[in-house]
Amino acid sequence: MSKLIKTFNPYESLKQEQNKTSQELDFKILNYNTICTNFKTRKKKTYQEEDLNLFYSDEFFLDGFQDITQEFLIEMVPKNSKLFKFSFKSDKNLLCLKASLVVSSNLSYYTELKNDIFQELFKGMVKYKILIIRLDRNLDNNINNIVQAIKQGFKDKEYEIIISRGVDTQEGKIDEVKFHRHLDDKLDHTYDEKDYCRPVQKDELLFEYVLKIEGKKGKNLQGKPILPKEIKFLNNPFKLKDQSIYEINFNDRIKYYSAKYGFLFQDNEGYGISNTLKVSQVGLKTTGTIKTDLDEDVCVEIVNNSIDDAVKSGIVNIQTSKVKINGNVGYTQLHGKTIIIQGATHAKSQIYGSDVFINIHKGFLQADCVYIKNLEQGHVKAKDVYIEKCSGAIIEADNIFIKDCLKGNKIYPRKKLIVENCMKDNNKIYFEYSDIEKSNKELFNFKDLSVKLEHSLKIVLLNLEKTYKYLLSEQTNFINAKKCKLLLSAYSEKLNKYNFLIEQYKELINLKFEISSKIDKLNEKMDGVKIHICTNAKIDIGNFICFNINKDEHKYNLVSSNLSISFQNQNPTIKECEKYSEIELKEFSSVFDYLKQ
């Protein structure tokens, strides 16, 4: 006699019923309900068989409920032997369930065969506590195909089918840090600009943070969660100190760019771009060559407290807008706009800049404005030079101011030479006639051009006057004869000519001003050089004024403290002149105040 039972464990119920009778029993699954519990909301919901399509949604299956159980309505029946049987197999996480149906050769088709196959399938799933949900959408068709094969006599065969699938985990992806510019000075770079000493360009990509992808949990066919592999993420290390670096967010990453030209750095407050690079030494094994755009306002500071050179000798050099060196400079090259050297320079060093201060200089220097405390056998080419002490040096400049001129100097002033305290022996002051001769030719050419320009101006002014009179006289006729195309055309042509002459006149006036300025400067140069040695300065014997004319040197003893030198027809003229006033001397030396250290 059959018996209906509601149970969560059909096999336990079968066992209990079997203990009550000697007849061997089995059960049929008549119906089942799926009961879901949400632990967060403490709510339960029951789904009938017709509602189970909801569980095909991965999101619903994963996140809708934390616990899923099934309650079965079963019928106890006498056990009958079957001529087919199922064997189940699955992956280790029980995410994909497959079954092999083995059919006996004695099995013949009968009407309820399909139902019996499903009964055995579901009973096997219940036995292994596999939820009867998320069944393969082709399961019914596959069972039909098996039944049809049996009906057609294909027996003693094994059929494999997919029963159901859970939801696999989505493994996370570790985040990634990409450096396009490095701060590590131990990285392998060539001698020419190690990475941390190489300036970054405005809007240059510095580094990237590729976002992490969190793993997603899965759920197996028993309703148990499966966790993704644990990943130790790096997290974003790029903390920004200020707005000198900006970031752009993309879907999968954050990119960091420099907001200005400068040097990349990192301190306790984060990453930033600085106008100043501070290093302890520049050399092949430390920084390599440091090169920057000379038009950018950046500074390289070298602070060296050891006896070794701050800038070592060798193939490396510095090229930057501003250089501050607290130490000595070896046999190398420096290029910059502002260069400050607190130590000494090597005899074979080469320095090129605009404004330069050097404590002790022994090498070559070319600049605009120069302040040197001690010039020892060095060579200076400049526009304006202030030297506290010099010996055995070569000085070439427009304006030269020397406090103490010691022995063996060769001085080439082009405009002014002032010696304030003393001039020891064996100093020579040179004047190159070739420079004067060149200036003479330039002056002649500019004066000739000025005469031609004046003639062109007169012609343009005459044409302007004629055109203006015509326009003025025909103005009334032009207004009254608007319908006369011939008259209108003639008047418009004259008006265009007048405007063209105005523009031509402006260009000639500007050119006249430029030529006049050139002539004034050349006249000033032709007036000669004024040498002033302060009256309280002592001039030793053996100092000379030298003229190089046609490769011949002409020497004159320097005996007077206030002289003016000029050339007339290749003949030098030396005459005494008024000395500079204290105000003039102070005004001249004040040019160097900003360079004094």
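Which residues does G64 touch, not counting residues up to four places away in sequence? Figure 1 gives the answer, after a word on the model.

This is a predicted model, so local features need pLDDT of at least 70 and side-chain atom pairs count only at pLDDT 80 or more, while totals for chains, interfaces and linings use all residues. Residues are numbered from 1 along each chain as its sequence is written, and side-chain values use heavy atoms, with hydrogens and water left out.

**Figure 1. G64 in its loop.** G64 is found between α2 and β4; helices (H or I, at least four residues) and strands (E, at least two) are DSSP runs, numbered from the N terminus. Leaving aside residues up to four places away in sequence, G64 touches N38 and E59, where a contact means heavy atoms within 4.5 Å. T37 sits 27 residues from G64 along the chain, with 8.7 Å between the two C-alpha atoms. With 21% relative accessibility, G64 counts as partly exposed. For that label, buried means under 20% relative accessible area, exposed means over 50%, and partly exposed is in between (1.4 Å probe, protein chains only).

**Figure 2. The whole chain, for orientation.** The chain has eight helices and 36 strands. Of its 597 residues, 40% are buried. Take the contacts between residues at least 6 apart in sequence: 53% of them join residues at least 24 apart. The average pLDDT (the predictor's confidence in each residue, from 0 to 100) is 82, and 84% of the residues score at least 70. Where pLDDT is low, the predicted coordinates should not be read in detail.

Figure 3. Rings of Phe, Tyr and Trp (its six-membered ring) pair if their centres lie within 6.5 Å; planes under 30 degrees apart count as stacked, over 60 as edge-to-face and the rest as tilted. The count by this rule is 24 aromatic pairs. One of them is F179 with F207, edge-to-face at 5.9 Å centre to centre and 75° between the planes. This pair links distant parts of the chain, 28 residues apart: F179 is in strand β8 (residues 176-179) and F207 in strand β9 (residues 205-210). F179 is partly exposed at 35% relative accessibility, whereas F207 is buried at 0%. F207 also pairs with F238; the centres are 4.2 Å apart and the planes are at 5°, so this pair is stacked. F238 belongs to the loop between β11 (225-226) and β12 (245-249), 31 residues from F207. F179, F207, F238, Y256 and Y271 form one aromatic cluster.

**Figure 4. Two lysines over rings.** A charge sits over a ring if NZ of Lys or CZ of Arg is within 6 Å of the ring centre and within 35 degrees of the ring normal. K219 lies over the face of F61, 5.4 Å from the ring centre. K255 has its charged end over the ring of F250, at 5.1 Å from the centre.

**Figure 5. The largest nonpolar core and its neighbourhood at I163.** A nonpolar core is a set of buried Ala, Val, Leu, Ile, Met, Phe, Trp, Tyr and Cys residues joined through side-chain atoms within 4.5 Å. The largest one has 48 residues, and L121, M125 and I163 have the most contacts inside it. Elements giving it two or more residues include β2 (25-38), α3 (113-127) and β7 (158-165). Its largest share, seven residues, comes from α3. I163 touches, among others, L97, L121, M125 and R134. Apart from this core lies another, of 46 residues, I325, V385, C405 and L563 among them.

Figure 6. For C405, the nearest cysteine sulfur is that of C390, 4.2 Å away. C405 is buried, with a relative accessible area of 0%, and C369 is buried too, at 5%.

Figure 7. R134 is not a glycine, yet it has a positive phi of about 55°. R134 lies in the loop between α3 and α4 and is buried at 10% relative accessibility. D203, in the loop between β8 and β9, has a positive phi near 65°. At 39% relative accessible area, D203 is partly exposed.

Terms used
A disulfide is a pair of cysteine sulfur atoms within 2.5 Å.
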